[in-house]
Amino acid sequence: MSFFLWDFIKGDLTILPSTQSFDRKLVFHVPDNAGLIWSEWEDASIVYDPRSGHTQVLNEFARELLALYEDGPKSLDQLLAEFSKIIDAEPDATTTQNIIETVAGFDNMGLIEPI
Amino acid sequence: MTEVNNTDKKNEVTSGATLGKRLHRRSLLKAGAIAAPVALTLHGGVPLAHADSAGLCVINLMNIANNPADNRAAMLQVPIKGGQVAAPKNGTHKFELLPEDLANDYPPGTQLQPFDASNLNHWEFIKDPLNQRFGFSCVNSIEFNYRINGNNGWGNGDQPAPGGSLPNNNAENGPNGNPN
Amino acid sequence: MPPTSLFHKTDTLINFTDQQLDARLASRGAQLEIGPFTVNVALKFKNIRDEFIRIYRDYPFYDNPVVLDNTIRIFGRNFYRQYIKPQAFVDVGMNSDFIPLPASMGMVSLEMGLNWQVASACKQYLMFHAGVVARDGVGLIMPAMSGSGKSTLAAGLSYRGWQLHSDEFGLLDMESGELVPYPRAVSLKNQSIAVMKDWVGQVSDNAHDHFTNEYHGTPKGTICYLRPPKASIEQMHKRTKPNVVILPIYDASAKPAIRPITKTMAFFRMVMSSANYGDIGEDAFRAISDIINASDVCEIIYPSLEDAVSLVEEFVANKAGDGKAGGDHG
């Protein structure tokens, strides 16, 4: 059983180490052959990843971010640009940081991989 | 022999995914109905906890929890009530209630989650870990990798979002019905 | 009439008198079938044997040869602990961390040991920490933490006509998608003991005979065990597909209510309640997804057992349609 929580809080609680060095130009994608199994209900999407044996739960926001990666490989900057088009606005600083953290989380979870 | 890298595997959906659903999702985002993305790793319960719920008196959980060399220790949190833990009294077959104790491998400042099942509601596990409530118990082992506060779109299903339900969704995702 | 076993030949079935069962338990052990598991039980203390017989006398016992899933022995480790200051030592044939209890509480040791064996080693069935009952094609799962009242509710429903699968272990056959009954003694704690004694007394003249002694001074307070209804024992091999999931919340000050929950929440609680979900992996994920897709789900808040049973009956009747539940509302 992995413990993201312990990795997360071993350092300073206010800093997420995984996002500090996150390369915004690095292109990520969802591998076609990941074999992900989805169950989607009213307000969340739940995915089982047979490669890791982990079950991940995504709310609608996170699900859409992953869906953008499923549409095609892209960098973080490209993701943010597409997200801006969806909401017809530039995301504020908090939302941008949340998106970066989520993408870092996808990377940690193994849902996306760099090309 | 099982093939590990099965390049024939495709991603699969067991229920609910349609183009219409994606359009609906995008409309929620555009409306600002969901303020933050949330992605969690969901784990099942642990056998020690399941057996424990039936009999703390026969399983020496505290010794396991306080022994970092025991690989079960990291997944344990001894159910306690009112900030106390039931522990066997050394040398006897009696039990005593002691103040909260910490497993040696927990980070400093960790507090054991008080376990009062009579007040448990289904959104208690969505908690802000920076408030020292990690939402991690030996039965509920959902772990966090983010702050989770504000409206995340997870309500109890009694109202659709967005619209008038927005403040209610926010309330539903706070402890005891209070907004985060 | 003991149920026909799915696993053992009927010609190996033994009809013990109480004295014969006592003698067998005291010696090499008696082989008892409870749902899908067969366990050899050996008890070296008379008081524990008496309690065991009171609860399990109507269960099917088999003679050799049978294939055992588990074995459990309770005994004093030496002369002093057997006769002078009797202390129940539990041996389940695997590494364990059991604290020996006073022999007077040996029935608690026995039940805990049996729970431990299933909780730690069962991988062939998907396991939920839940009360499970069934009736007329309705398979009801109530995943809940210890102390939430699920045992009392499961027992209460079973003494009002529902088949008790378990108050503790929901088991799912992932191949058939059916719930597998495992009707053991119901573990009652503290106030629920008096509640159930009254509840059972309303339908049985000799309610006292259904209960073990009360064991005081455990870390969970007072514990007492209740024998499942005879019909539930006789139906221990009757399986039902799950199609209702109810999350029970006991609150003595609450107004009884049925609250809607999303399928997502129900899925969360099912996974959280499953001790072998991670071990089983993909099949477990698919099985729980299938259950949630097929089930009507809700949460009930209740201040009394009577209210809880009424809420369950109401939800099953209204959402499921005259006793038959199902349908994807997701």
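This tour goes from whole chains to domains, then to a core, a sheet and a loop.

The model is predicted: local features need pLDDT of at least 70, side-chain atom pairs count only at pLDDT 80 or more, and totals for chains, interfaces and linings use all residues. Residues are numbered from 1 along each chain as its sequence is written, while chains are lettered from A and ligands numbered from 1 in the order in which they are written.

**Stop 1: chain C**

Helices (H or I, at least four residues) and strands (E, at least two) are DSSP runs, numbered from the N terminus. Draw a box along the principal axes: the C-alpha atoms fill roughly 60 × 40 × 35 Å.

Now colour by burial. A residue is buried if 20 or more other C-beta atoms lie within 10 Å of its own, exposed if 12 or fewer, and partly exposed in between; C-beta atoms are placed from the backbone. Of the 330 residues of chain C, 54% count as buried. Contacts (C-beta atoms, placed from the backbone, within 7 Å) come next. Among those in chain C with a separation of 6 or more, 70% join residues 24 or more positions apart.

**Stop 2: chain A**

Switch to chain A. Here the secondary structure comes to 5 helices and 5 strands. Along the sequence the pattern reads α-α-β-β-β-β-α-α-α-β. Of the 115 residues of chain A, 35% are buried.

**Stop 3: the two domains of chain C**

Go back to chain C. Colour domain 1 (10-121) and domain 2 (126-320) separately. These bounds come from an automatic or database domain assignment. The domain centres, taken over C-alpha atoms, are 25 Å apart. Across the boundary, 17 residues of domain 1 are in contact with 22 residues of domain 2. On the domain 1 side, helix 2 (46-56) and helix 4 are the elements that give two or more residues. Helix 4 supplies the largest share, 7 residues. That side divides into 11 nonpolar, 2 polar and 4 charged residues. Ala, Val, Leu, Ile, Met, Phe, Trp, Tyr, Cys and Pro count as nonpolar, Asp, Glu, Lys and Arg as charged, and the others, Gly among them, as polar.

**Stop 4: the core**

Select F52(C), I74(C), L140(C), A154(C), I246(C), M270(C) and I288(C). They have the most contacts inside the largest nonpolar core, which has 141 residues. Such a core is a set of buried Ala, Val, Leu, Ile, Met, Phe, Trp, Tyr and Cys residues joined through C-beta atoms within 7 Å. Helix 4 (residues 106-121) of chain C gives the largest share, 8 residues. Both domains of chain C give residues to this core, so it lies between them.

Centre on M270(C). Not counting residues up to four places away in sequence, M270(C) touches F128(C), P143(C), V245(C), I288(C), I291(C) and I292(C).

**Stop 5: a sheet**

Find the open sheet of 7 strands in chain C, with order 1-4-2-3-5-6-7 and mixed pairing. Two strands pair if DSSP finds at least two bridges between them. Strand 1 (13-14) and strand 7 (101-102) stand at the edges, each with a single partner strand, so one side of each is left without a neighbour in the sheet. Strand 5 (residues 70-75) and strand 6 (residues 87-91) pair in the antiparallel sense over 3 bridges. Pick I74(C): its bridge partner in strand 6 is V90(C).

**Stop 6: a loop**

Finish at S27(C), in the loop between helix 1 (18-26) and strand 2 (30-34) of chain C. Buried or exposed? S27(C) counts as exposed, with 10 C-beta neighbours inside 10 Å.

Conventions
Contact = placed C-beta atoms within 7 Å.
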